[in-house]
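Please look over the structure shown here before reading the notes.

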Amino acid sequence: MITLTDIHKSFGSTPVLQGATLTAQRGENLAIIGGSGSGKSVLLKCILGLETPDSGSIAVDGVPLTAKTRPTFLNDFGMLFQSAALFDSLPLWQNVAFRLLHSGMPQPKARDIALRKLARVGLGPETADRYPGELSGGMQKRAGLARAIATDPSVIFFDEPTTGLDPIRARTINALIRDIVAEAGATTITITHDMSTVRTTADRVALLHEGQIAWHGAVADMDAAQSPQLKHFMMGPVDAIGTDMR
Amino acid sequence: MIRLLAALGAATLRMLAALGRVTLFAGDALSHIARPPIYWRAFGSALLQIGFFSLPVVGLTALFTGGALALQIYAGGARFEAEAVVPQIVAIGMVRELGPVLVGLMVAARVTSSIAAELATMKVTEQIDALITLSTDPMKYLTTPRVVAASLVVPLLVAVGDVIGILGGTLVATLRLGFNTASYLQNTVDFLTALDIASSLTKGAVFGFIAALMGCYYGLSSSRGAAGVGVATKSSVVAASVLILAANFVLTEAFFSA
Ligand SMILES: Nc1ncnc2c1ncn2[C@@H]1O[C@H](COP(=O)(O)OP(=O)(O)O)[C@@H](O)[C@H]1O
Ligand SMILES: [Mg+2]
């Protein structure tokens, strides 16, 4: 269970998070939605320790996340980044097996697992020795997904999994995420402004608006919800461009 | 007048703050040397990138400079009938001063810029964030191997530069100025002391350290966006070059008194 309580974060004089409070239960697939620039990525970065909140607390299974406890959390964690964030200098299989290799697993065994994970996301063995720069955006996303699940983590974060993909590839990635997460029974937090991602992959939704959670509830209850912010978000031409790389 | 003083004061404070940050960064990088895990593969690849692949540019720079130096010293020496000092002055000029400085600046141009661009790109494309979520310390994985490798391998580059520079001088002196090759080289070898060579290699180690450190520092602290990569690259080369020249003066002064 991941709990964020009253998180505040400003950059200079610009407030981004203004008292965000949120819980993701074990085994739950939570989507955080919100317009571009609403602070979704900043919220995730606060959990990961990449940004430090000005105030508020974050806990995993009741244990506050600090510089001391975070490594334990990260050891059982995987993340698919918005831009895939594959390491340019490493072939695909070493990207996928990065954590395995760095924890001392022998190369042949790590490669074996990497090939299996690549196959799971639909990338054949012929891609294993290619470098990220030689792959299309969709293939990079798949490889990023393979890296995120390489150690079968129990917590996975997805940052805008469909950004930069055309609708068909987006649908494939959404379905892939849904199936993989279901197989693993992992707890996931997905941040997105793509409603099809929400409907395919999440069971609960939280809407981030002006630094706070303006609405949260089951995906099934979303359409009937009375929250004006949620209605506005679901109807409006939100982020028609949808390719910001923040 | 007050405004000018205030601006000067603010600029000084900013510079001191930056120096403080760089010092902390350097301390952090060095603190990882002995703490496992040690990334040998990253270290080996840094040795190759910084050392081996810099050889051509270092060789060419030293060769031309050594040759030009011999001509200048001959011309200068001729004004008070001291043409014979060419081998000695070329040797001391190359080994104590030009070898290390030229190699340092070439490494700043070639290595600092490429490290800064690479790490800044990694930052912009979230690869640094990805490293952290994969339980890998970017400082330990990216900075320490490069800084240590540069500190070890740039002295070797300087030694190569010194030798090639002296050979460049020898070539020009014998082919163009009528010196005898054997006695030119003999004069050079007899003249150079252990302290000259120690000074050369020490400078190389310090310059290598500065070059890699500035590349990593500016790369890892670059701001987001493609523009951030350009700014980081430019700033890193400027900072490394200025710091190398400043350190050169300090080290020259130290060896001068020694
Ligand atoms: N490191 C940073 N420095 C300054 N401002 C930032 C930084 N990171 C994010 N921001 C700002 O915070 C706001 C929220 O950003 P982000 O969380 O990336 O939005 P999104 O919801 O699209 O993921 C944006 O206005 C962004 O410009
Ligand atoms: Mg974002």
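A:V155 has A:T187 as its bridge partner in strand 8 of chain A. That pairing belongs to a predicted model, in which strand 7 (residues 155-159) and strand 8 of chain A run parallel and are joined by 5 bridges.

**Strand 8 of chain A**

- The open sheet in chain A has 6 strands in the order 6-7-8-3-9-10, with mixed pairing.
- Strand 6 (77-80) and strand 10 (212-218) of chain A each have a single partner strand, so one side of each has no neighbour in the sheet.
- From one strand to the next, the twist averages 15 degrees.
- Strand 3 of chain A runs parallel to strand 9 (residues 204-209) of chain A, and 4 bridges join them.
- A:L30 stands opposite A:R204 of strand 9 of chain A.

**Helices on the sheet**
- Helix 1 of chain A packs on the sheet and touches strands 3, 6, 7, 8 and 9 of chain A; its direction makes about 145 degrees with that of strand 8 of chain A.
- Helix 1 (residues 40-48) of chain A has 9 of its 9 residues buried, among them A:K40 and A:K45.
- Just after helix 1 of chain A, A:G49 takes a positive phi of about 85 degrees.
- Helix 6 (residues 137-148) of chain A lies across strand 6 and strand 7 of chain A, at about 170 degrees to strand 6.

**A helix pair in chain B**
- The axes of helix 8 (residues 194-220) and helix 9 (residues 226-257) of chain B come within 9 Å and cross at roughly 155 degrees.
- That angle makes helix 8 of chain B roughly antiparallel to helix 9 of chain B.
- The crossing of helix 8 of chain B with helix 9 of chain B is right-handed.
- Residues making the contact include B:L195, B:V206 and B:Y218 of helix 8 of chain B, and B:A232, B:L243 and B:F255 of helix 9 of chain B.
- The contact residues of helix 8 and helix 9 of chain B divide into 16 nonpolar, 7 polar and 1 charged.

How values were computed
Residues are numbered from 1 along each chain as its sequence is written. Chains are lettered from A and ligands numbered from 1 in the order in which they are written. This is a predicted model: local features need pLDDT of at least 70, side-chain atom pairs count only at pLDDT 80 or more; totals for chains, interfaces and linings use all residues. Side-chain values use heavy atoms; hydrogens and water are left out. Axes are lines fitted to C-alpha atoms, for helices over the stretch in contact, and angles run from 0 to 180 degrees between N-to-C directions. Helices (H or I, at least four residues) and strands (E, at least two) are DSSP runs, numbered from the N terminus. Angles under 35 degrees count as roughly parallel, over 145 as roughly antiparallel, 65 to 115 as roughly perpendicular and the rest as oblique. A crossing is left-handed if the near helix is turned anticlockwise from the far one by less than a right angle, and right-handed if clockwise. Contact means heavy atoms within 4.5 Å. Ala, Val, Leu, Ile, Met, Phe, Trp, Tyr, Cys and Pro count as nonpolar, Asp, Glu, Lys and Arg as charged, and the others, Gly among them, as polar. Two strands pair if DSSP finds at least two bridges between them. Buried means under 20% relative accessible area, exposed over 50%, partly exposed in between (1.4 Å probe, protein chains only).
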